[in-house]
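Subject: Structure handover

Hello,

Here is the structure I promised to pass on. Please open it first, then read my notes alongside it.

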Amino acid sequence: LNFMFDKIKAQSRLIPTLSEKTLIALQHYSWPGNVRELGNLVERLSILFPGLPVEFDDLPRKYQIELPEGAQLVPSSEVSATESIQASSPSLHPEHNTQADPKPMDEKIVIHDACNGAEAVSTLNLEEGLDLKSYLVEMEVKLIQKALLQTEGNVSQAAKLLQTNRTTLVEKIRKYDLT
C-alpha cells in the first residue's frame, strides 16, 4: 500500500490519509483481484480524496467488510501488502485453485457518485455488452463536477486536482455543457 502511494507521490500528486479502521479493513479484505485490484483502489482514492482523509465509510462498499471483533492494525513491518494479498489470493497460487473453468457471470460493480459521495451497486452483464465510451464519459463528467464543486468553481484549481491542463478542462466543461 505504501509502495503504491509512494509512486503517486513521486508524480507530485497528493495522496489521501487512511484512517486506522480503513487500513484494518484493507488488511482483512481477501483481495481476489490481487495487486492489480489494490493498485486500482489506491489510484481511485488518490483521485477522489487528494490530500484528504479517507474513513471506512468512504471506501467502496465491497471493501467495507465486517471486521472481526478486536481486529487491530498489523504493523507494516510484520506483513507487506503483497504478502497478505498473496497469502489470501488463490489466483496467485494456482495449485490451491480448485475451481474448474468458471462460467461467465454478472459482475457487481460499485459506482461512486463523484457529485454527492453516494455509491450505487450496479449489476452489469458484460455478455450483453457495455457502452464503454458512454460509461467513461459519464465518469469523467462526474469527476469534473466533483473537482469544480470542491474548488468552488475555480477551473485552475480543479484542473490541478484532476491533473490536467486548464485549457483541456475548459474544453471538456464546454463539451459537456457543465457551465
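The notes below go through what was found, part by part.

One point before the details: this is a predicted model.

**Helix 1**

Start with helix 1, which covers residues 2-10. Met-4, Phe-5 and Ile-8 are buried there.

What covers the buried residues of helix 1? Strand 1 (17-18) and helix 3 (34-48) are among the elements that do. Just after helix 1 comes Ser-12, with a positive phi of about 60°.

**The largest nonpolar core**

The largest nonpolar core has 18 residues. Leu-26, Trp-31, Leu-45, Leu-59 and Tyr-63 touch the most other members. At least two residues come from each of helix 1, helix 2 (20-28) and helix 3. Helix 3 gives the largest share, five residues.

Take Tyr-63 as a way in. Leaving aside residues up to four places away in sequence, Tyr-63 touches Ala-25, Leu-26, Tyr-29, Trp-31, Glu-37, Leu-41 and Phe-56.

There is also a second, separate core, with twelve residues. Ala-158, Ala-159, Leu-169 and Tyr-176 are among them.

**Aromatic rings**

Now the rings. A pair of aromatic rings is described by two things: the distance of the centres and the angle of the planes. The count here is three aromatic pairs.

One of them is Tyr-29 with Trp-31. Their ring centres are 4.7 Å apart and their planes stand at 85°, so this pair is edge-to-face. Both Tyr-29 and Trp-31 are buried.

Trp-31 also pairs with Tyr-63. Here the centres are 5.4 Å apart and the planes are at 35°, so the pair is tilted. This pair links distant parts of the chain, 32 residues apart. Trp-31 is in the loop between helix 2 and helix 3. Tyr-63 is in the loop between strand 2 (53-54) and helix 4 (81-88).

Are these two residues buried or exposed? Trp-31 has a relative accessible area of 2%, so it is buried. Tyr-63 is buried too, at 5%. Through ring pairs, Tyr-29, Trp-31 and Tyr-63 form a cluster.

**Charges over rings**

Two lysines are worth a look here. The charged end of Lys-21 sits over the ring of Phe-56, at 4.5 Å from the ring centre. Lys-146 has its charged end over the ring of Phe-49, at 5.6 Å from the centre.

**Salt bridges**

How many salt bridges does the structure hold? There are five.

Arg-13 forms a salt bridge with Glu-43. The closest N and O atoms are 2.8 Å apart. This pair links distant parts of the chain, 30 residues apart. Arg-13 lies in the loop between helix 1 and strand 1, and Glu-43 lies in helix 3. Arg-13 has 10% relative accessibility, so it counts as buried. Glu-43 has a relative accessible area of 31%, so it is partly exposed.

Glu-140 meets Lys-172 in a salt bridge, with N to O at 2.5 Å. Glu-140 is in helix 5, while Lys-172 is in helix 7 (residues 166-175), so the bridge ties together parts that are 32 residues apart in sequence. Glu-140 is partly exposed, with a relative accessible area of 23%. Lys-172 is also partly exposed, at 26%.

Glu-138 and Lys-142 form a salt bridge as well, at 3.3 Å from N to O. Both are in helix 5 (residues 132-150). They are four residues apart, so about one helical turn separates them. Glu-138 is partly exposed, with a relative accessible area of 40%. Lys-142 is buried, at 18%. The cut-off for buried is under 20%.

**Where to look first**

I would begin with the cluster of Tyr-29, Trp-31 and Tyr-63. Then turn to the salt bridge of Arg-13 with Glu-43. After that, view helix 5 with Glu-140 and its partner Lys-172 in helix 7.

Best wishes

Methods
Residues are numbered from 1 along each chain as its sequence is written. This is a predicted model: local features need pLDDT of at least 70, side-chain atom pairs count only at pLDDT 80 or more; totals for chains, interfaces and linings use all residues. Side-chain values use heavy atoms; hydrogens and water are left out. Buried means under 20% relative accessible area, exposed over 50%, partly exposed in between (1.4 Å probe, protein chains only). Contact means heavy atoms within 4.5 Å. A salt bridge is a side-chain nitrogen of Lys or Arg within 4 Å of a carboxyl oxygen of Asp or Glu. A nonpolar core is a set of buried Ala, Val, Leu, Ile, Met, Phe, Trp, Tyr and Cys residues joined through side-chain atoms within 4.5 Å. Rings of Phe, Tyr and Trp (its six-membered ring) pair if their centres lie within 6.5 Å; planes under 30 degrees apart count as stacked, over 60 as edge-to-face and the rest as tilted. A charge sits over a ring if NZ of Lys or CZ of Arg is within 6 Å of the ring centre and within 35 degrees of the ring normal.
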